[in-house]
Amino acid sequence: MATVTLKDLRKSFGPDEVIHGIDMEIADGEFIVIVGPSGCGKSTLLRMVAGLETVTGGEVLIGGERANEKEPMDRNIAMVFQNYALYPHMSVAQNMGYGLRIAGLPKAEIAAKVEAAAHLLQLDGLLDRRPKQLSGGQRQRVAMGRAIVREPSVFLFDEPLSNLDAKLRVQMRLEIKELQSKLGVTALYVTHDQVEAMTMADRMIVMNEGRAEQIGTPMEVYETPRSLFAAQFIGSPAMNVLDATIRDGRVMLGEVAVAETGKRPGPVKLGLRPEHVVPAADGPLAMDVLLAEPLGANTLLHGRLAGTEIAFTASLQGVHLAGQGGAATRFGVDPVDCHLFDPESGRRL
Amino acid sequence: MEKRVTFRGWMLPLLLIAPQVFISAVFFFYPAGQAVWQSLFIPDPFGLSKQFVGMGNFEFLFSDRHYRASFYTTAIFSILVTLASMIPALFLAVLADRLIKGSGVYRTLLIWPYAVAPAVAGVLWLFMFNTRVGVVSWYLGQLGYDWNHVLNGSEAMGLVVAASAWGRISYNFLFFFAALQAVPRSVIEAAAIDGARFWRRFFTIVLPLLSPTTFFLLVVNVVYSFFETFGVIHTITSGGPQQATTILVYKVYSDGFVGQDLGSSAAQSVVLLLVVGLLTVLQFKFLEKRVHY
């Protein structure tokens with residue numbers, strides 16, 4: 001168990017800098033999710049903490065000690081890989097006990113630890129199998145088992161669930177989170193799935209093009225996204241972003257006032273989450289609904305703002321089949337749910 | 001899932017395998033059959049008549065001290081050639097695998113020796129080690145070692161092993177290198193995080209994952225050392241000194257084409273065929289179980 005500190009962490013491949021300075025303090029036992037689209041540098045960041053990529057600038061501190069020059073084996077970490085990276089020629093027990101064998105533990109102790117981990121992960125009875133003979137979910141558990149038997153101070157997860165089917169992913173997501181809080185081990189978890197990020201994280205780092213767009217709890221990021229990117233990446237369906245202007249203390253969408261604001265006049269980007277618009281007969285937003293997707297608990301309405309080509313999505317409670325067929329629907333929105341961003345920098349106003 | 005093509009008739013499948021069957025028949029089944037047939041006769045030196053002797057040739061062979069010695073020589077030779085061609089190849093492949101820049105050049109350079117014909121390779125090594133004008137033997141002489149593979153059987157063996165293994169290293173290197181590249185990087189990284197340093201990783205993770213390639217190369221190299229090293233031995237030692245480098249295939253040649261004892265030669269090639277067949281079967285039976293595909 002240890003804290004992890006990133007100080008202005010940078011990575012370059014030749015002349016190209018791919019991570020542009022990340023600062024973060026991770027408390028002992030915290031579950032941190034690094035989330036972002038592919039190619040944003042999230043895996044590189046994780047691999048730098050693991051010691052699988054060299055650090056080209058800044059510092060990684062694990063448990064308060066500088067780890068930049070330490071080999072992966074000297075950092076007291078464990079990692080779960082996307083493709084599990086199990087040793088195909090070893091049985092489940094050998095896979096899980098490999099690290100302990102390297103460490104030179106007595107055989108009986110290794111067997112006991114492997115047994116305990118297998119029990120924790122419901123792998124009893126599978127210890128003699130080869131990875132080839134296991135299902136995807138079981139392999140995932142073995143990879144987890146290999147990580148926990150060594151009792152590391154930091155867990156690193158590199159998209160561990162992306163090779164599983166949707167149902168299993170939800171289940172494993174819960175199990176990983178549960179296991180982590182039970183063991184109380186600091187965890188860094190990389191994913192491109194914002195739902196995983198929202199559900200698992202104590203805090204998350206939203207990454208884009210090698211920068212941390214926002215670091216905060218899932219609710220902070222959801223409620224007050226610091227940038228347009230974070231706003232659109234977190235939340236499903238994605239936030240509607242509209243070109244608007246502030247005039248006379250009001251947010252104007254064309255000639256329609258959507259909400260009052262104290263921000264300075266000028267062009268802005270207006271972000272509205274689909275689930276925050278509410279049906280209102282005299283609401284400022286008129287929408288031509290082109291398609292309704294009833295999901296049971298709620299309905300997604302896809303369409304355009306009336307008289308324009310601007311795409312708009314609304315998510316309403318309950319079933320709304322009536323909207324289908326292009327009938328106009330009017331919505332209102334609470335001023336606190338209006339997110340305003342600078343159109344140039346994308347930063348929150 | 002297995003994909004099988006099902007044919008309705010039998011004409012087309014027969015036609016499709018015909019070229020392979022034809023080539024095997026002309027270049028393998030017919031000569032092999034001839035060898036078996038001829039091994040039962042003793043022809044006169046001019047090939048004008050022959051006399052049926054049954055198993056006589058074989059009985060004579062196995063009571064021949066020189067033939068039994070040739071078995072021993074062959075065993076030593078093929079073990080040495082296989083080891084000397086596979087271990088350096090694996091080592092070089094591991095080094096090349098670690099290389100990021102310039103691995104293309106390194107690889108190309110390492111592949112070149114394979115393009116040299118065995119007989120030419122033999123001549124090359126012969127010149128280097130020639131007892132009178134050879135560069136290497138001169139230097140060895142300067143160091144106080146009197147190299148003379150023409151008189152010393154062990155030195156002769158060493159030389160033919162080196163010359164046979166040399167070109168073969170390239171071939172093995174290619175396979176090992178490709179296999180190393182196919183080892184998933186994340187598995188190696190997982191082992192590194194688990195605490196295994198380079199050589200530990202190599203012996204516990206990489207080597208077992210290479211086992212299909214190693215097994216394949218073992219079979220191929222043993223067969224190579226039995227048959228294809230003829231050119232090297234012929235150019236360097238001609239089986240000498242005192243039969244110290246007369247491996248089975250060389251004895252087939254020297255007894256048959258030099259000694260004109262065609263019946264014995266045919267019997268020897270039948271024995272050789274059986275030995276190699278048996279070795280391959282044994283390798284598959286006992287080693288394949290330990291191979292992880």
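Let's start with two neighbours in chain A: strand 7 (residues 154-158) and strand 8 (residues 186-191) run parallel and are joined by five bridges. One pairing to look for is Phe155(A), whose bridge partner in strand 8 is Ala187(A). Keep in mind while you look around that this is a predicted model.

**The six-stranded sheet of chain A**

These two strands belong to an open sheet of six strands in chain A, with the order 6-7-8-3-9-10 and mixed pairing. Its edges are strand 6 (77-80) and strand 10 (211-216), each of which pairs on one side only. If you ignore direction, neighbouring strands here are turned by 15 degrees against each other on average. Helix 4 (residues 136-149) of chain A packs on this sheet, where it touches strand 6 and strand 7. The direction of helix 4 makes about 175 degrees with that of strand 6.

Now follow the sheet to strand 10. Strand 9 (residues 203-208) of chain A pairs with strand 10 in the antiparallel sense, again over five bridges. Here Met204(A) has Gly216(A) in strand 10 as its bridge partner. Strands 9 and 10 of chain A make a hairpin with two residues between them. In that turn sits Glu209(A), with a positive phi of about 50 degrees.

**The five-stranded sheet of chain A**

Chain A also has an open sheet of five strands, this one with antiparallel pairing and the order 13-12-11-14-20. Strand 13 (256-260) and strand 20 (338-341) of chain A each have a single partner strand, so one side of each is left without a neighbour in the sheet. Neighbouring strands of this sheet are turned by 40 degrees against each other on average, direction ignored.

Arg250(A) has Glu260(A) as its bridge partner in strand 13, while Val251(A) stands opposite Ala259(A). This pair of strands is a hairpin too, with two residues between the strands, and Gly254(A) takes a positive phi near 65 degrees.

Here are the strand pairs of chain A described above, side by side:

| Strand pair (chain A) | Sense | Bridges |
|---|---|---|
| Strand 7 and strand 8 | parallel | five bridges |
| Strand 9 and strand 10 | antiparallel | five bridges |

**Over to chain B**

Chain B has twelve helices and two strands. Reading from the N terminus, its elements go α-β-β-α-α-α-α-α-α-α-α-α-α-α. Along the principal axes, the C-alpha atoms of chain B fill a box of roughly 75 × 75 × 30 Å.

At 1.5 Å a residue, its 34 residues should span 50 Å, and its end C-alpha atoms are 50 Å apart, which agrees. At the start of helix 3, a side-chain oxygen of Asp64(B) comes to within 3.0 Å of the backbone nitrogen of His66(B).

**Where two helices meet**

Helix 2 (residues 92-103) of chain A packs against helix 9 (residues 198-227) of chain B at an angle of about 145 degrees, and their axes are 13 Å apart. The crossing of these two helices is right-handed. Chain A brings Tyr98(A), Arg101(A) and Ile102(A) from helix 2 to the contact, and chain B brings Arg200(B), Arg201(B), Thr204(B) and Ile205(B) from helix 9. Sorted by kind, the residues of this contact are three nonpolar, one polar and three charged.

Definitions and conventions. Residues numbered from 1 in each chain as written. Chains lettered and ligands numbered in written order. Predicted model: local features only at pLDDT ≥ 70, side-chain atom pairs only at ≥ 80, totals over all residues. Heavy atoms only, no water. Helix = DSSP H or I, 4+ residues; strand = E, 2+ residues; numbered from the N terminus. Expected span 1.5 Å × (residues − 1). Polar contact = N/O pair within 3.5 Å; in protein donor to acceptor, adjacent residues only side chain to side chain. Pairing = 2+ DSSP bridges. Axes fitted to C-alpha atoms, helices over the stretch in contact; angles between N-to-C directions. Contact = heavy atoms within 4.5 Å. Left-handed = near helix turned anticlockwise from the far one by under 90°. Nonpolar A, V, L, I, M, F, W, Y, C, P; charged D, E, K, R; others polar.
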